[in-house]
Amino acid sequence: MKISRLSNAFRTFFAPSEYRCVCCGKDVFNKLGFCPDCIKRVRFNNGKRCLRCGVAIDGEANYCGNCAFDKTYFDRAFSPFCYDGAVRDAILDMKFNNLGANAVIFARYLAYTAEREKLNYDVVTFAPMSNRSLKKRGYNQARLLAEAFCDILNNTELLRETVIKIRETEPQEKLSRTERKTNLVGSYRICPDADVKGKRILLIDDVKTTGATINECAKVLKRAGAVEVVALTVASRTEDFVYENSEE
Ligand SMILES: [Zn+2]
Ligand SMILES: [Zn+2]
């Protein structure tokens, strides 16, 4: 098990993040990760949520518009925050502005959510990036989140090589609804030696906007024999999106 080999280096390298607001960078003297001004712009996903995909919903129904009619490959999904305000800014920084250190703060919220929801899983893994994107960015923020998550919750096995992204895709946000449905299809593969058969997988990612990434990863994991895939993302955005389930 390679769980803790990287974690010390990781912790040392990113230690100062504990005392910095993930949004504006101001010093903070607590473990919240947000300064008093930015926390006002944080939308916690702590109200009514879709019983399947975990997005904030209101009204009578137990499921969001997508999940009411469409089957997903992931079994359930959870996010501590809505993709909005200060959290959206901090996630974009984590992704594009070299602030991988934000992952340490966010992983704490993921760990809290996993405990609160009493999530049961055998192994943890994360949404992969294509080699080209990884080279460009230098790190995969989903991997940083998963490593910090496993660091916080001891005895949690992290599988670093499960799903791979075999081709570059357009960012989902830039596409029309129809394009989104097909954009990611077929862009993920299972690693030849991924040990997921019969396992319950916790899949970590930074944000669930359309849900297509976690759904595609879950599809690949299920086909490789995973018995359950539960997704845990820092934030999620409610969106008019229909999961792509057509068999190719
Ligand atoms: Zn701040
Ligand atoms: Zn839903």
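Helices (H or I, at least four residues) and strands (E, at least two) are DSSP runs, numbered from the N terminus. The model described here is predicted: local features need pLDDT of at least 70, side-chain atom pairs count only at pLDDT 80 or more, and totals for chains, interfaces and linings use all residues. Residues are numbered from 1 along each chain as its sequence is written, and chains are lettered from A, with ligands numbered from 1, in the order in which they are written.

The chain holds 9 helices and 8 strands. Of its 248 residues, 43% count as buried. A residue is buried if 20 or more other C-beta atoms lie within 10 Å of its own, exposed if 12 or fewer, and partly exposed in between, with C-beta atoms placed from the backbone. Two residues are in contact if these C-beta atoms lie within 7 Å. Among contacts between residues at least 6 apart in sequence, 75% join residues at least 24 apart.

The strands can be followed through their pairings. Two strands pair if DSSP finds at least two bridges between them. E8 pairs with E7 in the parallel sense through 8 bridges, and Leu202 stands opposite Val230 of E8. Between these two strands the chain passes through H9, and this β-α-β crossover is right-handed; that is, with the strands pointing away from the viewer, the path from the first strand over the helix to the second runs clockwise.

Strand E2 (residues 81-82) is joined to E8 by 2 bridges, with Phe81 partnered by Ala235. Of the 9 residues of E8, 8 are buried.

E7 also pairs with E3, in the parallel sense, over 4 bridges; Thr125 stands opposite Leu203 of E7. E3 (residues 123-126) is in turn joined by 2 bridges to strand E4 (residues 157-158), again parallel, and Val124 has Leu158 as its partner in E4.

The expected span is 1.5 Å times one less than the number of residues. In H9, 10 of the 12 residues are buried, among them Ile214, Cys217, Val220 and Leu221. H9 is followed by Gly225, whose phi is positive, near 105°.

A nonpolar core is a set of buried Ala, Val, Leu, Ile, Met, Phe, Trp, Tyr and Cys residues joined through C-beta atoms within 7 Å. The largest one has 67 residues, and those with the most contacts inside it are Leu110, Leu145, Leu203, Ile204 and Val229. Helix H5 (residues 102-116) gives the most to this core, with 8 residues.

The 15 residues of H5 should span 21 Å at 1.5 Å a residue, and its end C-alpha atoms are 22 Å apart, which agrees. The buried residues of H5 include Val104, Ile105, Phe106 and Leu110. Leaving aside neighbours within four places in sequence, Leu110 is in contact with Pro80, Leu145, Phe149, Ile204, Leu232 and Val234. H5 is followed by Lys118, whose phi is positive, near 50°.
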